[in-house]
Amino acid sequence: MAEFLTGMKRTCYCGDLRTENIGQQVVVCGWAQRQRDLGQLIFIDLRDRTGIVQLAFDDRTEKAIFEKAASVRSEFVLGARGIVRERSSKNKDIPTGDIEIEVTELRILSESETPPFEIIDNCPTSELTRLKYRYLDLRRPELQRNMIFRHKAARVTRSFFDENGFIELETPMLIKSTPEGARDFLVPSRIHKGSFYALPQSPQMYKQLCMVAGFDRYMQIARCFRDEDLRADRQPEFTQIDLEMSFVDMEDILDLGERYIKRLFKEVMDIDIPTPFPRFTYNEVMERFGSDKPDTRFGMEIFDLSKEVSGSGFAVFKNALEGGGSVRGITAKGAVKTYTRKETDKLAEYAKGIGAKGLAWIRLTDDGISSSFAKFMSEEEMSAILAKAGAEKGDAVFIVADTDTNTVLTTLGALRLECAKRLDIIGKGFNFLWVVKFPFFEFDKESGEWIAMHHPFTSPTDDCMDKLDGDKSEVYAKAYDMVVNGAELLSGSIRITNPDLQKKMFSMLGLSDEEAYQKFGFLMDAFRYGVPPHGGMGFGFDRLVMQMLGAATLRDVILFPKVQNASEPMTNAPADVDPQQLADLGIAVVSADNEQ
């Protein structure tokens, strides 16, 4: 039966005790990590969020207390009073390993059934099982450290932006559905049957309205929602550090972002991040790394072979160039032992799986040069390729050709990362950079239309204003992303505040005046009443914490995450609801079997 803590209030946390506490009487509370009954001696490792301390029971312990200690099992909740003393057998693996508590009073506050897995770091139990019992999984020291780390990062965040003149404001969670690139989560209205709210993908328009309202500097640690397919660094609900500033230009915003990162890493991790961050244009990172979020902790940059193979009779190269595309490659230094013929064939299948028509390769072995296409090339052409690739004995060269240069670049970008992981050449530390001057438009192959790469409120660059009636691929935006180690941490832009220019950009995106007003009328109306020049950004807070901790997935830094199919194993959400709830909303559910 549970005992209450009357007259026995906790005086300290388990993990805080040290040799300087020897001789003190303390009260600790927590969970029994394990109990060791050695006959005349019983030891209990007591755990709370700060760590573990050993409770000791011996021949000096009262019989009733000793017997109670003998009944303790893993995950029992205990309260213990006693005297801190030096341990005879020290444990150098834990901070409290030099001391123990000689228990004079023990209370069992709650008993526990045998848990479905052991509460330890590196638990071998499947993640799905651990997520089903997430409240137990969260007892593991690793996850507790992650959540406490996240708390510290949030505290520093609020402090930094407060000191820089930002006002923390809360924007609505139930909003009007507007197109922002991903599917909205919709919330039906009971009062307005047949109408729906949406959960915000970001507070974009509301934070711009804060600028119209004159708050000048807005900040929010905001919950955001996107109904999209999941991956290791994506969840349907996530947290964003959302910012907007008036009377600033891009340089002001980038400087603020760098100062925030520098402060955050120093205060939370005692790491000095060098500033300013390197800057690359979108076109530059795509040409060199095949990604708009490049990992620069290793080389293996992309090179263009189009000139070297322009006269080649190899049909793959020839057709790509004649179709307006390109031929490009990467050199994996010292890779021939790792990328045997068999492994190279697997890499070729991987390339096909991500959109390439195939993968050409050259391996420079001790026995000479082997290649998938050498028989189609002259000796001079092969020499030119190897020279451009900077390839030497022991290296492997991988080449992709396509009529669509973007396919070539993105494929090689993915291969670059795949090879680097396999070769274990990715450096340590944090490589921050900015990507700037994004294209305003990108062509959506599925719809056959040009869409905004960021969002329609992003301002074109000044040098593109006279190109708005021409080729959409030549229009660039005052947009910027912060990247670290191949992950996008921040996206932002300078906003359009000229109503005529905004109307023009809507038109270029295929929106009529009526459609634009229907979707964004409240923002367009607000801009009629004096709008300051402004810009902003949004940090992915979960992703930032994930990168700082080196976690493998966002699920390690989010309290109650979703799994791959966007469900939550612990509560079994999403779930069916009572038919009356649907009737109140005027909603009828059509089963998948009845869909046409």
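The following dialogue goes through some terms applied to this predicted model.

Student: Why is H455 called buried?

Tutor: The relative accessible area of H455 is 16%, and buried means under 20%, so H455 counts as buried. H455 is found in the loop between strand 19 (449-452) and strand 20 (479-484).

Student: What does H455 touch, not counting residues up to four places away in sequence?

Tutor: H455 touches Q204, F440, S493 and R495.

Student: What makes the pair H455 and R495 a polar contact?

Tutor: The side chains of H455 and R495 are joined at 3.2 Å. A polar contact needs a pair of N or O atoms within 3.5 Å, so the pair qualifies.

Student: How far is H455 from Q547?

Tutor: From C-alpha to C-alpha, H455 and Q547 are 26 Å apart in space, and they are 92 residues apart in sequence.

Student: Where is Q547, and is Q547 buried or exposed?

Tutor: Q547 is in helix 14, and Q547 is buried. Helix 14 covers residues 541-549, and eight of its nine residues are buried.

Student: What do the buried residues of helix 14 pack against?

Tutor: They pack against helix 4, strand 10 (237-246), helix 6, strand 20, strand 21 (487-494) and strand 22 (534-540). Just after helix 14, G550 takes a positive phi of about 70°.

Student: At what angle do helix 4 and helix 6 pack?

Tutor: Helix 4 (residues 141-163) and helix 6 (residues 250-269) pack at about 135°, with their axes 10 Å apart.

Student: Which residues make the contact of helix 4 with helix 6?

Tutor: From helix 4 they include F149, V156 and F160, and from helix 6 they include L256, Y260 and L264. The residues of this contact divide into 10 nonpolar, two polar and five charged.

Student: How do you know that R328 is buried?

Tutor: R328 has a relative accessible area of 6%. The limit for buried is under 20%, so R328 is buried. The place of R328 is in strand 13 (residues 326-332).

Student: Which side chain makes a polar contact with the side chain of R328?

Tutor: It is the side chain of S326, at 3.0 Å.

Student: Why is M300 counted as buried?

Tutor: M300 has 12% relative accessibility, which is under 20%, so M300 counts as buried. M300 lies in the loop between helix 7 (282-289) and strand 12 (303-304). The phi of M300 is near 55°, a positive value in a residue other than glycine.

Student: What makes N485 buried?

Tutor: N485 has a relative accessible area of 11%. The cut-off is under 20%, so N485 is buried. N485 sits in the loop between strand 20 and strand 21, and its phi is near 50°, a positive value in a residue other than glycine.

Student: What is the omega of the cis peptide bond from T275 to P276?

Tutor: Omega is near 0° for this bond. P276 is in the loop between helix 6 and strand 11 (279-281).

How values were computed. Residues are numbered from 1 along each chain as its sequence is written. This is a predicted model: local features need pLDDT of at least 70, side-chain atom pairs count only at pLDDT 80 or more; totals for chains, interfaces and linings use all residues. Side-chain values use heavy atoms; hydrogens and water are left out. Helices (H or I, at least four residues) and strands (E, at least two) are DSSP runs, numbered from the N terminus. Buried means under 20% relative accessible area, exposed over 50%, partly exposed in between (1.4 Å probe, protein chains only). Contact means heavy atoms within 4.5 Å. A polar contact is a pair of N or O atoms within 3.5 Å; within protein, one must be able to donate a hydrogen and the other to accept it, and residues adjacent in sequence count only if both atoms are side-chain atoms. Axes are lines fitted to C-alpha atoms, for helices over the stretch in contact, and angles run from 0 to 180 degrees between N-to-C directions. Ala, Val, Leu, Ile, Met, Phe, Trp, Tyr, Cys and Pro count as nonpolar, Asp, Glu, Lys and Arg as charged, and the others, Gly among them, as polar.
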